[in-house]
Amino acid sequence: MPGQHPEQEDMVKGGEAELRRHRLAKMERFRERGDDPYKYLYERTHTIQEARSAFEDLEARTAQEELQPLPASLAGRIVARRIQGKSTFMDIRDECGRIQVFLGQKQVGETAYEASKDLDIGDFIGVKGGIKRTHRNEITLFAEEYGLLSKSLRAAAEKYHGLSDVETRYRRRYLDLVANPEVMDIFRKRIRMIDAMRGWLLNHGFLEVETPMLHPIPGGATARPFITHHNTYDADFYLRVAPELYLKKLLVGGFEKVFEINRCFRNEGVDTRHNPEFTTMELYEAYQDYRGLMDETEDMLTHVIETVVGSRQFTYQECELSVERPWKRLTLFEAIRQYAGIDLEATRDRDEAARLAMSAGVEITPDVGYGKIVDEVMSLKVQPHLIQPTFLYDYPIELSPLAKKKRGNDALTERFQPFIACLEVGNAFSELNDPIDQRQRFEAQAALREAGDDEAQYLDEDFLTALEVGMPPAAGLGIGIDRLAMLITDSPSIRDVILFPQLRPGD
RNA sequence: GGACGGGUAGCUCAGUCGGUAGAGCAUCGGACUUUUAAUCCGGUGGCCGCGGGUUCGAGCCCCGCCCCGUUCACCA
């Protein structure tokens, strides 16, 4: 492979290796001219975007015949070059803009012009000169002097079709960002989305905290964990599947409103909606229940979407969506009655529930329990209908070992989930703070685990001890940041909103 | 894990019936002082994903494997 043993490539002609040799030679020539091909700094007067608007302002308030070139020093990467003998046009690009540069032999001098032939697409340069329009009306920086800031040794992607090979785009995202400027817009949107959410949280009195990534016992979600090892302690740790239990310990400690935006890791399947590591926002609020939190969730998500997309209406994969409040709210069982046409709430009997589910066309295997049946019907028969923002609430207790029982109904928990465009974007509940109840729930999970369910949650004595010290009544919410980013950026795959998505190692 | 689609030059892609591997862009050399997918002339560039097999002969057919995508399964 090129780069590993460049000295062995000397015999190779053409292709990438030869291109790299040419560029190394050009780099050497800069050195021979006493010009460091890798500078330490460059003082620019404007970003490209700033320079453009400064020039347009100037044009707007100056009479045509009095218009003078706007002096500027700009820096960027050469993305295109059109050489015509003694004059050269280049397009340079920085993070937010692109501008044409004119390099004339007469203007920069014969020596400097000659040296410019050793520039390549991909090089970073700094250019000082005046901005004016060409005869073809293109805003252009006319160079008085220029300098190489950083030499590129490898070829860029094709200039017209860009880079479209999905694997290369994901594995070498920097090439994707260079070749496809719209990709950067997606990630800027994701960043603004997180900023907007953090802003909302801080405005509402939440404190941002950080809790461990390495857990001695994985907890807070039903999921298979990654295992790692600590050498000094000679102990195994699990990459966290959720920060939930630690955040609740902070409520025990006296924090009242906390949140964390950070990574979780789940050792499970990979597809368009799942990446092994993903980002969640989890918040916990003392003296609040799931009803109040539903209102807050609606407020927060609406605020975030409105801030980033600039409207309460937006499109996701051909789907017209509106986050206009209030959002639809249905209990899970109402939704099942409505969309699956069966009443699973009427029975608590596993076999009866299985029979009903089958009658609605949902395949049920003998090993799944009541909770799982409800879950199955929900995801197959209900979720595909939840296009406009909808809250489902009141989930069976079997599915929610960390949620408080519903007042007046021991079979249910006070839990809700927001759905948008059929995507589950969050999960929330009145937090279970009764240590006796919590112990029983853990024991039920442990029994499932004994029975072979390797996703059932572990009994966490440490957490139970904390609850026994006393946790205030509270509500908690988790939001899948990546999925929300998919919605906001109209991306069909989670990999499009993760800078470096996880692929099989190799190449 | 199953099904389907894909992997050919640095990039984007063609490749007929099994008969000497192609184009555009990029790159290199030449011409060119207002181009913007610059133009014109000439050149370099290939482990056709990897390994077997069939055949006089395989990019193409057969078998196995690897990687990517979609989807189903699994799963928050």
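Reader: How many residues surround RNA strand B, and which are the closest?
Author: This is a predicted model, in which local features need pLDDT of at least 70 and side-chain atom pairs count only at pLDDT 80 or more, while totals for chains, interfaces and linings use all residues. Residues are numbered from 1 along each chain as its sequence is written, chains are lettered from A and ligands numbered from 1 in the order in which they are written, and side-chain values use heavy atoms, with hydrogens and water left out. A residue is near a strand if one of its heavy atoms lies within 4 Å of it. By that rule RNA strand B is surrounded by 50 residues, and the closest are Arg-136, Lys-159, Thr-222, Arg-266 and Glu-268.

Reader: What percentage of the atoms of RNA strand B that come within 4 Å of the protein belong to sugar and phosphate?
Author: The atoms counted here are those of RNA strand B that come within 4 Å of the protein. Of these, the share that sugar and phosphate account for is 66%.

Reader: How many residues of the surface near RNA strand B are nonpolar, polar and charged?
Author: In this count Ala, Val, Leu, Ile, Met, Phe, Trp, Tyr, Cys and Pro are nonpolar, Asp, Glu, Lys and Arg are charged, and the others, Gly among them, are polar. The surface near RNA strand B then divides into 10 nonpolar, 17 polar and 23 charged.

Reader: Which element gives the largest share of the surface near RNA strand B?
Author: Elements are DSSP runs numbered from the N terminus, with helices (H or I) of at least four residues and strands (E) of at least two. Those that each supply at least two residues include β1 (70-84), α5 (166-171) and α12 (370-382). The largest share, six residues, comes from α1.

Reader: Which residue has a side-chain N or O atom 2.3 Å from a base nitrogen of RNA strand B?
Author: A polar contact is a pair of N or O atoms within 3.5 Å; within protein, one must be able to donate a hydrogen and the other to accept it, and residues adjacent in sequence count only if both atoms are side-chain atoms. A polar side-chain atom of Thr-134 lies 2.8 Å from a base oxygen of RNA strand B, and a backbone N or O atom of Gly-162 lies 2.9 Å from a sugar or linking oxygen. The residue with the 2.3 Å distance to a base nitrogen is Glu-424.

Reader: What is the order of the strands in the open sheet?
Author: Two strands pair if DSSP finds at least two bridges between them. Strand β7 (residues 214-215) pairs with β9 (residues 235-239) in the antiparallel sense over two bridges, while four bridges join β9 to the antiparallel strand β8 (residues 227-230). The edge strands, each pairing on one side only, are β7 and β8, and the order is β7-β9-β8.

Reader: Are α7 and α15 parallel or oblique to each other?
Author: Axes are lines fitted to C-alpha atoms, for helices over the stretch in contact, with angles from 0 to 180 degrees between N-to-C directions; those of α7 (residues 181-203) and α15 (residues 481-489) come within 10 Å and cross at roughly 120°. Angles under 35 degrees count as roughly parallel, over 145 as roughly antiparallel, 65 to 115 as roughly perpendicular and the rest as oblique. The relation of α7 and α15 is therefore oblique.
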